[in-house]
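This report goes through a protein model from the whole chain down to a single residue. The sequence and the structure come first.

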Amino acid sequence: MSSMLQEVNERSQLAGTNRFELLLFQLGKNAKAGTQEIYGINVFKVREALVMPSITPMPGAPEYVMGVANIRGQIIPVVNLPAIVGCEPADLNILLVTEYERSIQGFAVEDVEEIRRLEWGQVISAEAAAAGSLVTSLARLDEDDEKGRLALVLDVEQILRLALPARFKGGDEVTQAHDVQIPQGAVILYADDSGVARSQIEKALTHLGLPFIGTKTGKEAWERLQIMAKEAKAAGIPIRNKVAMVLTDLEMPEMDGFTLTRHLKEHDVLKDVPVVIHSSLSGTANESHANSVGANGYVAKFVPDELARAIAKVL
């Protein structure tokens, strides 16, 4: 028990250090290229990995849903992950039970390899590498950049939108009135590496009448914010007349949301900008870490009204 608690504590302490753990797994051969790639998902999203249980087919289920499984008394949908990604597995041996955006689902995979502890600096944006819409980033698994293996980090938001579209909102479903005011000329700056999440955020902000600037990584956001801080200082105006608020995801290539938040709160100008962390990694542990790095709010993805309330509260 003590060793397990130590392991949990070590993983929790990764937050804010720009490090994370990636569960590596295989989905079979790529149907087009004939290659067998390594895929990854953040360990914090995975509840457990099981030998494939009995699956009950469901008439009329979405295309990529194999059926449902009874996992410790909870009935969850099972998604055929290789089918979505375009792979042909020898067999579907393992079920990854994941918790994502307040929902539980299983991903059927061919096999699980290992868990690797990495720095976000070892991860590059998939858009920069033209890796495809189902991949958010590429993780370098070895020190040798030229010969080392790469893992494809999947865009789970996009995958779940394809597999279970009824569960997820587009972003413009704000139903309650929210009185949100920001200074004339100021913007909300957000950071998120998922194309689906960026679309959701932009629709919600547009519905609220809030101008915004979007960035795809914590590093990109940090570089943009430093420029805006210099501009505000040169013009002799408060920084919040340029940046009313920062909304950031946690898991991002190059720099995570915790590290971005810490940088802001340590900056002589940007420290006054409120930060709301917006993440699929829900839970009290992450909220506690958000508080420890100085975040002004934490909201789990993705309920438009809850996001709007979090924004209104800090503004």
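## Basis of the model

The model is predicted: local features need pLDDT of at least 70, side-chain atom pairs count only at pLDDT 80 or more, and totals for chains, interfaces and linings use all residues. Residues are numbered from 1 along each chain as its sequence is written, and side-chain values use heavy atoms, with hydrogens and water left out.

## The chain as a whole

The protein chain holds nine helices and 17 strands. Helices (H or I, at least four residues) and strands (E, at least two) are DSSP runs, numbered from the N terminus. Of the 315 residues in the chain, 53% are buried; buried means under 20% relative accessible area, exposed over 50%, and partly exposed in between, with a 1.4 Å probe and protein chains only.

Contact means heavy atoms within 4.5 Å. Among contacts in the protein chain with a separation of 6 or more, 64% are between residues 24 or more positions apart.

## The parallel sheet

Five strands form an open sheet in the order β14-β13-β15-β16-β17, with parallel pairing. Two strands pair if DSSP finds at least two bridges between them. The edges are β14 (212-215) and β17 (297-300); each has a single partner strand, so one side of each has no neighbour in the sheet. On average, neighbouring strands here are turned by 20° against each other, direction ignored. Strand β16 (residues 275-279) pairs with β17 in the parallel sense over four bridges, and S279 has A300 in β17 as its bridge partner.

Two helices lie across this sheet. Helix α5 (residues 195-207) lies across β13 (187-191), β14, β15 (243-248) and β16, at about 165° to β13. Helix α6 lies across β13, β14 and β15, at about 155° to β13. Axes are lines fitted to C-alpha atoms, for helices over the stretch in contact, and angles run from 0 to 180 degrees between N-to-C directions.

## The pair α6 and α7

Two packed helices are described by the angle between their axes and the distance between the axes. Helix α6 (residues 218-235) packs against helix α7 (residues 257-266) at an angle of about 20°, with the axes 9 Å apart. That makes α6 roughly parallel to α7 (angles under 35 degrees count as roughly parallel, over 145 as roughly antiparallel, 65 to 115 as roughly perpendicular and the rest as oblique).

Which residues in α6 meet α7? G218, A221, W222 and L225 do, and their counterparts in α7 are L260, H263 and L264.

## The mixed sheet

Another open sheet of five strands runs β3-β7-β8-β5-β4, with mixed pairing. Its edge strands, β3 (46-51) and β4 (65-71), each pair on one side only. The twist from one strand to the next averages 30°.

Strand β7 (residues 94-100) and strand β8 (residues 103-109) pair in the antiparallel sense over seven bridges, with Y100 opposite S103 in β8. Helix α4 (residues 156-163) lies across β4, β5 (74-80), β7 and β8, at about 90° to β8.

## Residue P57

P57 is in the loop between β3 and β4. Is P57 buried or exposed? Its relative accessibility is 62%, so P57 counts as exposed.

Leaving aside neighbours within four places in sequence, P57 is in contact with M66 and G67. P57 and G67 are ten residues apart along the chain, and their C-alpha atoms are separated by 4.1 Å.
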